[in-house]
Amino acid sequence: GGGAAERLAPESGAPLVPPADVEATGPTCVGRSPGISKYRDEIDAWHREGIGSSGLFALWLADQDPERVVAVTGTKGKSTTTVLLAALLRAAGHEVHVAGNIGVPVTDVPRTGLVVVEVSSYQAADCTTSPAVAVLTALGDDHVTWHRTVETYHADKLRLFAGKGLRAAVCDGADPLVGALTRVGAGRIVTGPWHVEGDLVVGGDRDVDASAVTSQVRRNLAVAANAAALVEPSVAATHLASVVATFEPLPSRQREIATVAGVRWVDDLLASNPTGVVAALESFSDVPLVMLMGGADRGIDLAPLVDALAGARTLKSVVLMGDDNDPLVSALAGVSFPVVRIAGHDMAAAVAEAARIAVPGDVVVFSPGAPTPSGLGTWEDRSREF
């Protein structure tokens, strides 16, 4: 996109071929970038002609020793869990590389040490092998425009757990994830010993005080610890405590960016689906909350999101950006809780309205519940604007 192929072709000396003309060039397999859906009509035509296609991650994974790789996927919490898992393994003395959907191509990873990989549903969709240990953080609705249906989205994500090489699948036992992993034949499913009790992460040699991080990070830490222990049995409370003490939220993931006149402002822009918004509501369930929301259509059922907002005891108001035909605007029309409409995606107006509503002690969270609309730049651009 954006003319990248046109620029790359002369640099590489390779011809530029439109998707519909690929068959004429005679390849046996085509590598796809993650943004190119495997369900496109042109790719169906390739397959009918005997031309395979795959994403780079699946090809890389099939070439690895499964015991070297720990993979993390899920609708929400992938990046944070990946970072926590890598930090725990490093604290326990391992050389660890972090790669995948988090921003580092797997092809840039050295051949030494362990690799903790964040895997998107796009990347998992082509997997025919599995890592030795794989983590499922959540399974909600997302990316329907790529996968065509929610059911296919779930099935594609779960391919990471269905291939040769898997020794254990790790998930949160409190979530309905065990059943999903069982249905795809994941084999050994690990949900402990580490788990969350209030502000503590417990289940090891001693309890770990994790009150310094949000409830969502605590849950991610427990899952990460259970996965890390499968790779390195010496992982213990001292390692968890060290990771909690040095943890910094990743950009646009429940990251507090300022306190102004007693109001805390939190950038959670990557909560671009209902599962992410629910996580934010849970993390800030003990404080008065103003939510900034609004974005592009993702083609998913928004009823669970509306129900979660309606059930949020401390929600003061939703400041909603968007046009009249946006699905999220329609979904929040006529709800019982306060919604303040902002015409279009005027961030300055939305922030000003949130500042007017909030009082000292409140938290304003930008959890849009939808992806960044086209024409507004990247999610990083929108985060900076907020």
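Four bridges join β3 to β6, and the two strands run parallel (strands are DSSP E runs of at least two residues and helices are H or I runs of at least four, numbered from the N terminus; two strands pair if DSSP finds at least two bridges between them). In β6, T73 has L136 as its bridge partner.

Before going on, a word on the model: it is predicted, with local features needing pLDDT of at least 70 and side-chain atom pairs counting only at pLDDT 80 or more, while totals for chains, interfaces and linings use all residues. Residues are numbered from 1 along each chain as its sequence is written, and side-chain values use heavy atoms, with hydrogens and water left out.

**The sheet around β3**

Back to β3, which also pairs with β5 in the parallel sense, over 4 bridges. There, V70 sits opposite V116 of β5. Is β3 mostly covered or uncovered? Mostly covered: 5 of its 5 residues are buried (buried is under 20% relative accessible area, exposed over 50%, partly exposed in between, with a 1.4 Å probe and protein chains only). In a regular strand the side chains alternate between the two faces of the sheet. Here V69, A71 and T73 point one way from β3, V70 and V72 point the other way, and all are buried.

Zooming out, these strands belong to an open sheet of 6 strands in the order β4-β5-β3-β6-β7-β8, with parallel pairing. The edges go to β4 (96–100) and β8 (189–190); each has a single partner strand, so one side of each is left without a neighbour in the sheet. Further along, β6 (residues 133–136) and β7 (residues 168–171) pair in the parallel sense over 4 bridges, with V133 opposite A168 in β7. Helix α10 packs on the sheet and touches β3 (69–73), β5 (114–118), β6, β7 and β8. The direction of α10 makes about 160 degrees with that of β7.

Two packed helices are described by the angle between their axes and the distance between the axes.

| Pair | Axes come within | Crossing angle |
|---|---|---|
| α5 (residues 78–91) and α11 (residues 237–246) | 9 Å | roughly 125 degrees |
| α5 and α10 (residues 215–231) | 8 Å | roughly 45 degrees |

Take α11 to begin with. The angle makes α5 oblique to α11 (under 35 degrees is roughly parallel, over 145 roughly antiparallel, 65 to 115 roughly perpendicular, and the rest oblique). α5 passes α11 in a right-handed crossing. The contact (heavy atoms within 4.5 Å) is made by L84, A87, L88 and A91 of α5 and H239, L240 and V243 of α11.

Then there's α10. Its angle makes α5 oblique to α10, and the crossing of α5 and α10 is right-handed. T80, T81, L84, L85, L88 and L89 of α5 meet V217, N220, L221, A224, A225, A227, A228 and V231 of α10.

**The hairpin**

β12 (residues 255–260) and β13 (residues 263–267) pair in the antiparallel sense over 5 bridges. A258 stands opposite W265 in β13. The hairpin of β12 and β13 has 2 residues between the strands, and A261 takes a positive phi near 50 degrees.

Note on methods: Axes fitted to C-alpha atoms, helices over the stretch in contact; angles between N-to-C directions. Left-handed = near helix turned anticlockwise from the far one by under 90°.
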